[in-house]
Amino acid sequence: MRTVVNGLVDNPDYLIHDLKDPSRITPISQSQIVDQSYWVSNDFSMKLLHNVTKVVKTNNPLFVAGRGAVRESLSKNALFVGKLFGPVFLARQATKINSRFNRTKNVSCNQLKGKELSFELCYHPQYETTKDVCNWNLGIYTELLHASGVKDIDSKEVKCTLNGDKCCEFRLTYKKSGMISRMVKGIGIWQVKKEVNEVIEEYEGSLRERDRLINELTDSEDKYRSLFENTATANAIIEPDLAISQVNNEFEELVGHVRSEIENKWNFKAIVKPEDYTKVNSHLSQAAADYPRLSKNLEFRLIASNGDEKDVICKVGCIPNSMKIIASMIDVTEMKHAQKEKIELKSKLVRSEKMEALGLLAGGVAHDLNNVLSGIVSYPELLLVDLPEDSHLRKPIQTIRQSGLKAAAIVQDLLTLARRDVAVKEITNLNEVITDYLNSPEYAKMISFHPGVDLNVECEPDLFNILGAPSNLNKAIMNLVTNAAEAIKGSGVIHIITKNSYLEHPISGYDKFREGEYVSVTVSDSGIGIPQKSLERIFEPFYSKKVMGRSGTGLGMTVVWGTVKDHDGHIDVSSEEGKGSTFKLVFPATRDERQQKAACPSLREIMGNGESVLVVDDVREQRDLATGILDRLGYNVTVAYGGDEAVKWVASGKDFDLVVLDMIMHDGIDGLETYKRIRQLKPNQKAIIVSGFSETDRVKGAQRLGAGAYVKKPYSLNRIGSAVKAELQK
């Protein structure tokens, strides 16, 4: 016996369900092999038979072993019935028992002649067979006839699946003996009665055992059905041909159909997305063939009744003592969407942090460049005021100033990237911003380079206003339209569309986007599109496909991004190669009305009357420049090289009608702290703020204390003159 079960018992590769507790699965033991109540796998059976050949030493060991197995398993009552009713009766009863309990094959018995029987064994497709199996079965049916009392049995296999036949067929011929008649005549009536009574008693005992098992099965089935129906997973029982025979309420909810439409009418293939069916079918086949080894979950997509695609995770298993499969599914669609959204938001956060880091660098560079450019922009303006109209120096000085202004525009882009450009916001209408740009020389020059491009503008007539900086918004629109035109090779169309909208629900991941009114401007083109790998980087500074210095600075889309963020807006980008791109900018709307813009004042209107002005700046060139402009405008100027010196001037008792205060000073205290200390000494001291780079909250902090306008560097005679005049007149 040890040789027969060698490598098979207590092996984790061969598991079995315990009869008393089906939820308990253990390796097959030696006692379970000889217990007819247990079923083992096809693979296990063939290896067991192979081991038998090592023990039975004959020419046909499996044939002998098959006969021996029948002799050991038949009771004396079964032998009596066989001898009483004959071999045909016993053979047919055996095939009936097989059809009820055998899961590997169908067996039929036919009487060919009076003394010849045919047994046909048709195996199920998923089960394999070997010559050992055939010899084993031939021995079983040979001994079955022998048990009925016949003699001289000749048994042979005339057909075999191993030879390509559909079924295996055994032919058994025999001779009748007079054993039954002699037995009946020779024994007493009382003995026959005793045998019959024993048969009846055995039969009744089997009925009682059957009733007990049915009752236990009913209780077990009630428990199983309760678990099947009331779990949180969508459960389905699947037949070998993948027909769905039973489902629970969660499954109905998952697919959107009632069970009367599903059970015994649907194939599992009907709900699986076609692209996923191959792997699903393979997984279910593995579950049916080798359940104990299958542990991993299956993830696939199914199609619900309304056409929605759902992602599910499925756990499958074979129901014990059957060929049915139970599949338990969980809908993970929302979870996957949430994970995807989380990944996208994380990516956006990383890009935002990257832009902030680049902005910090750009802001520092811009601050120093503005100080340098002030002399190139402002001094030529002062010279032009005093030069005669016919002076040969006017043209070169104007060229110097124009070059400085162009450089200042690039610095302005850097400030936008740094998001440190404290632009004065006002009630603005995007329709007018777009109209102003389309009427500008910049647009006329750009469109002249792209004669095949048509522009289609659709502006909502009663567009809501927004709080914004018209110059920054104008530049953002200009960059989007310019990029759209350059993306069109030959002829094409650019669409500019403005719309009002009402947001009913917050945009996930964007705290500023709450319920309320919004204004959007969409710029789309029919150009070449943006490759997917580039789409996430288009707002990075200098990430450009253009030739630097010829068609752009590499900061155009960065300016768009910075402008949108500075206006508490949101930008959506979509693009497909060969089909164009679409940029949608969304801004919070306001119901406030715009004020009429004042006309640009003349030089005479901004001239001073000898008022005392204190200029505070830590850069000598900036102090000299401010002094030159304010002297030219008729003011009495005093300078301080830093905040500490400015505080000393005020503390000395000298009165100043106005302080022109630089916000960022590296030596000593900054502009905000300087103004705080001055206000402590002189609570009503007037001031205006000037800076090439300033933190928004620092500027607003000074203005909350009482400071007036903010003037950006490089200085413009008109801008600083207007700001000084306006503050003095308050």
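Why is strand E21 largely enclosed by the rest of the structure? Before I get to that, two remarks on the model. It is predicted, so local features need pLDDT of at least 70 and side-chain atom pairs count only at pLDDT 80 or more, while totals for chains, interfaces and linings use all residues. Residues are numbered from 1 along each chain as its sequence is written, and side-chain values use heavy atoms, with hydrogens and water left out.

Back to E21, residues 658–662. Five of its five residues are buried, so the strand is largely enclosed by the rest of the structure. Buried means under 20% relative accessible area, with a 1.4 Å probe and protein chains only. Strands here are DSSP runs of E, at least two residues, and helices are runs of H or I, at least four, numbered from the N terminus. In a regular strand the side chains alternate between the two faces of the sheet. In E21, Leu658, Val660 and Asp662 point one way, Val659 and Leu661 the other way.

Now the neighbours. Two strands pair if DSSP finds at least two bridges between them. E21 is joined by four bridges to E19, residues 612–616, and the two run parallel; valine 615 stands opposite valine 660. Four bridges also join E21 to E22, residues 687–691, again parallel, with leucine 661 opposite isoleucine 689. From E21 the chain crosses through helix H21, residues 671–681, to E22, a right-handed β-α-β crossover. Right-handed means that, with the strands pointing away from the viewer, the path from the first strand over the helix to the second runs clockwise.

Next, a separate sheet. Five strands form an open sheet in the order E13-E15-E16-E18-E17, with mixed pairing. Its edge strands, each pairing on one side only, are E13 (453–459) and E17 (570–576). Inside the order, E15 (residues 492–503) and E16 (residues 516–525) are antiparallel over 10 bridges, and leucine 503 has glycine 516 as its bridge partner.

Which strands does helix H16 touch? H16, residues 470–487, packs on this sheet and touches E13, E15, E16 and E18 (580–588). Contact means heavy atoms within 4.5 Å. The direction of H16 makes about 30 degrees with that of E16. Axes are lines fitted to C-alpha atoms, for helices over the stretch in contact, and angles run from 0 to 180 degrees between N-to-C directions.

Last, a helix pair. The axes of H3 (residues 61–73) and H6 (residues 131–147) come within 7 Å and cross at roughly 45 degrees. The residues in contact include Leu62 and Phe63 of H3 and Trp136 and Leu138 of H6.

Technical notes:
Buried means under 20% relative accessible area, exposed over 50%, partly exposed in between (1.4 Å probe, protein chains only).
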